[in-house]
Amino acid sequence: MNFLRKILFPFSILYGCIMAIRNFLFDKGILRSYSFEVPVIAVGNLSVGGTGKTPQIEYLIRLLAQNYKIATLSRGYKRKSEGFVLADANSTAEILGDEPFQIHQKFPQIKVAVDADRKNGIEKLLSLEDKPEVILLDDAFQHRRVKAGFYILLSAYDDLFCDDFLLPTGNLRESRKGAKRANVIIITKCPKDLSEIAQQNIKNKIGLEVPIYFSYIDYDDMVYNPNESKKVSEIKLLDKLVIAGIAKPEPFFNYLEVSRDDCLVYPDHHFFTEKDLNQIERKANNKVIITTEKDFVRLMQHHWKTSIYYLPIKSSFLTKREELDNKILNYVGTSSRNR
């Protein structure tokens, strides 16, 4: 904690009291939560910052889409539209937000919608003639107005919620006690060689009777653009410009071995201005450009003078992946049969 955050400690206490009262009112039914006729899976975290929600949503899509009609619903962070929007052929990252647009591009067979009011968004999706059979809520752990049937709580390995404190002193959106609402907890962005002893130590530290799983970011061995792909092993040898506008870009840079390369770092979800694009063009100076998949959807509309590629990622599990898959599939299957 830096000094400024320490002196804001009284505001953290006040914020914590407000969140505790809010949760109490929802828990007691004084504030109403709405349930729905289809299986609803909420993916979220207790803290602000990047915990890998989009890779986890994509993991669920891959797990479920072969057998169910899937829809994803998020608020569409930093989008330049309002209300409920259902993705279609005319959608852009500005209309949907970068992460929903990425999912729409990557999984055209599913429905992708955005709405800050998740209740309204679900109602709109269920009013469609070809309505979804499963709805995935992105970043909705604190959205208590909707009562999901299954909650997945994410926490980054190097920034565990149990070691954090409430805003503004720390990064927690609500008390650590909120983790009790989770059906499963996934510790994301783990080292691939994280030992079983280290995993057990984290479970002991969290101290909850909730199944805990450990995942890592698995990078593709190819980079892509709409016209071609190249091996990462070849890209590492090139003189290149690497761009990242994500919460924690260090693993991305490390994977690409950028120590000799020029790098540009932007804030998470940054929408690139004309000034930014001109700066990138000057900095690239005809070098190949490599960026994240999330940034690529915000950069792809520009007419680049040089080649630009993105590096995909996905969520993979250290152990017990089948156990987690079965928990999710059993929830969806049981909920679907009970309709």
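A pocket here is an open set of points on a 1 Å grid over the protein atoms alone, where a 1.4 Å probe fits, with protein on both sides within 12 Å along at least five of seven lines; lining residues have an atom within 4 Å of a point. This is a predicted model, in which local features need pLDDT of at least 70 and side-chain atom pairs pLDDT 80 or more, while totals for chains, interfaces and linings use all residues. Residues are numbered from 1 along each chain as its sequence is written, and side-chain values use heavy atoms, leaving out hydrogens and water.

Sixteen residues line that second pocket, with Glu174, Ser175, Arg176, Lys177 and Gly178 nearest its centre.

As for the largest pocket, about 890 Å³ of space lies in it. Its lining counts 40 residues, and Gly50, Gly52, Glu99, Lys189 and Lys294 sit nearest the centre. Elements giving two or more residues to this lining include α3 and α5; helices (H or I, at least four residues) are DSSP runs numbered from the N terminus.

Helix α3 (residues 53-64) packs against helix α5 (residues 98-106) at an angle of about 30°, their axes 11 Å apart. Axes are lines fitted to C-alpha atoms over the stretch in contact, and angles run from 0 to 180 degrees between N-to-C directions. The two helices, α3 and α5, are therefore roughly parallel (angles under 35 degrees). Their contact (heavy atoms within 4.5 Å) involves Thr54, Ile57, Glu58, Ile61 and Arg62 of α3 and Glu99, Gln102, Ile103 and Lys106 of α5.

Note on methods: Angles under 35 degrees count as roughly parallel, over 145 as roughly antiparallel, 65 to 115 as roughly perpendicular and the rest as oblique. Grid points are joined across faces, edges and corners, and a volume is the space filled by probe spheres set on the points.
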